[in-house]
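Try each task before reading its solution.

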Amino acid sequence: MKNRSRILQFLISTVLIFSCLTGCTNAHDTVSGKLPYLNITESYFTDETQENMESICMVYDIGEKKLHAKGAVPSEGAVFPIASYSSENNSIFFSSGIAGGDQLYNYKSGKAEQLTDNLAAINYIFQCGDQLFLSAQIQGNNLLEPILFDWGDNTINRVYPDEKDDRLTSTATCDPAAEKVYFSYYSDAENRKKIDERNENGEVLCAPSIICSLDVHSGEVRQIYQTSDYVWGIAVSGNILYYGGAAGPFSENVCYTVDLKTGEKTELPLSVTIKGDMAVWDDILYVVGIKDDIRGIYAVDLSDLSVDLIYKAQPNGQSIIHGMSLNY
């Protein structure tokens with residue numbers, strides 16, 4: 001217990017330091033005007049009862065290859081705590097269940113402001129220019145769906161509503177050069193039917209995953225690829241799709257590349273096992289994964305598949321990396 005208390009004191013003191021730091025400015029230009037950056041959310045319990053949580057929001061500057069702490073936000077009651085720094089808004093957007101059901105909040109100048117009141121859960125928050133992409137559950141519905149949020153007037157655009165409430169949005173990423181978001185979903189009804197099914201190796205199966213593109217300006221959604229794999233994470237650059245796929249949620253994970261023009265699918269032999277979100281920029285693939293029993297965020301150079309650990313999770317489950325996203 002004494003060791004645990006010391007760990008908690010260390011984490012809390014770290015958060016206090018993080019909260020005092022100010023962000024760096026983006027000094028590089030791209031076709032969209034600014035260099036994209038990685039946003040990282042790491043959550044941990046703030047007391048020994050494991051009832052209260054706090055989330056640290058960090059930014060990885062892709063140009064500098066450095067981490068910058070942006071602050072800490074409360075995550076009490078959140079189904080899936082997530083926090084995202086906005087370079088356009090100079091604030092942190094985050095989810096919290098304080099008001100009953102996860103709602104979107106904005107943390108700026110030491111104050112938290114509630115922005116929504118009709119959500120039940122939030123799984124993704126990341127900046128797309130002057131908007132946010134959310135994967136969120138609308139109150140009254142059962143499943144997560146893709147949403148664009150305009151922080152100018154706090155309006156929600158349900159870009160891919162499903163009258164049957166059967167599509168569950170599972171992963172998401174963006175391609176800043178194309179100014180598009182990509183997300184995957186599967187049929188909840190089909191997935192439930194697969195629970196009792198096994199393949200010849202005895203592995204639990206899953207419903208097919210469909211990957212879509214979302215034009216953040218027009219709101220147009222297009223289906224671009226379908227796979228029978230369970231999808232851990234996706235990343236897209238131009239016409240190349242990267243995804244971590246497996247026969248089912250408990251099967252061995254493999255990274256694939258897909259040429260979206262030809263449909264050709266090939267295996268990418270990574271030395272890191274993908275366990276979550278993915279992103280790609282300038283021929284570097286970023287993944288939440290495990291290598292040599294170390295869980296963290298890795299940068300894979302696609303020219304030679306060399307791997308660098310850019311963020312290491314706290315050991316022994318002391319904290320959880322709840323999200324990694326590319327923001328622009």
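This is a predicted model: local features need pLDDT of at least 70, side-chain atom pairs count only at pLDDT 80 or more; totals for chains, interfaces and linings use all residues.

**Exercise 1. State how many helices and strands the protein has, and what share of its residues is buried.**

Solution. Start with secondary structure: there are two helices and 24 strands. Next, take burial, with the cut-off set under 20% relative accessible area. Of the 328 residues, 51% are buried. Then turn to the surface. The accessible area is about 15,200 Å², and carbon and sulfur atoms hold 46% of that area.

**Exercise 2. Find the largest cavity and describe its lining.**

Solution. First, count: three cavities reach 30 Å³ or more. The largest has a volume of about 90 Å³. Its lining has 15 residues, and Leu-144, Glu-145, Tyr-160, Asp-162 and Arg-167 are the closest to its centre. Now assign elements. Strand 10 (145–150), strand 12 (167–175) and strand 13 (180–187) each give two or more residues to this lining. Finally, sort by class: seven lining residues are nonpolar, two are polar and six are charged.

**Exercise 3. Trace the pairing of strand 22 with strand 21 and with strand 23.**

Solution. Begin with strand 21 (residues 284–291). Its pairing with strand 22 (residues 294–301) is antiparallel, over eight bridges. Val-287 faces Tyr-298 of strand 22 in this pairing. Two residues lie between the strands, and Asp-292 has a positive phi near 55°.

Move on to strand 23 (residues 306–312). Strand 22 pairs with strand 23 in the antiparallel sense too, over six bridges. Here Gly-296 is opposite Lys-312 of strand 23. This hairpin has four residues between its strands, and Leu-305 takes a positive phi near 60°.

Terms used: Residues are numbered from 1 along each chain as its sequence is written. Side-chain values use heavy atoms; hydrogens and water are left out. Buried means under 20% relative accessible area, exposed over 50%, partly exposed in between (1.4 Å probe, protein chains only). Accessible areas come from the Shrake-Rupley method with a 1.4 Å probe; for residues, only the protein chains shown count as cover. On a 1 Å grid over the protein atoms alone, a cavity is a set of points where a 1.4 Å probe fits but cannot get out, and a pocket is an open set with protein on both sides within 12 Å along at least five of seven lines; lining residues have an atom within 4 Å of a point. Grid points are joined across faces, edges and corners, and a volume is the space filled by probe spheres set on the points. Ala, Val, Leu, Ile, Met, Phe, Trp, Tyr, Cys and Pro count as nonpolar, Asp, Glu, Lys and Arg as charged, and the others, Gly among them, as polar. Two strands pair if DSSP finds at least two bridges between them.
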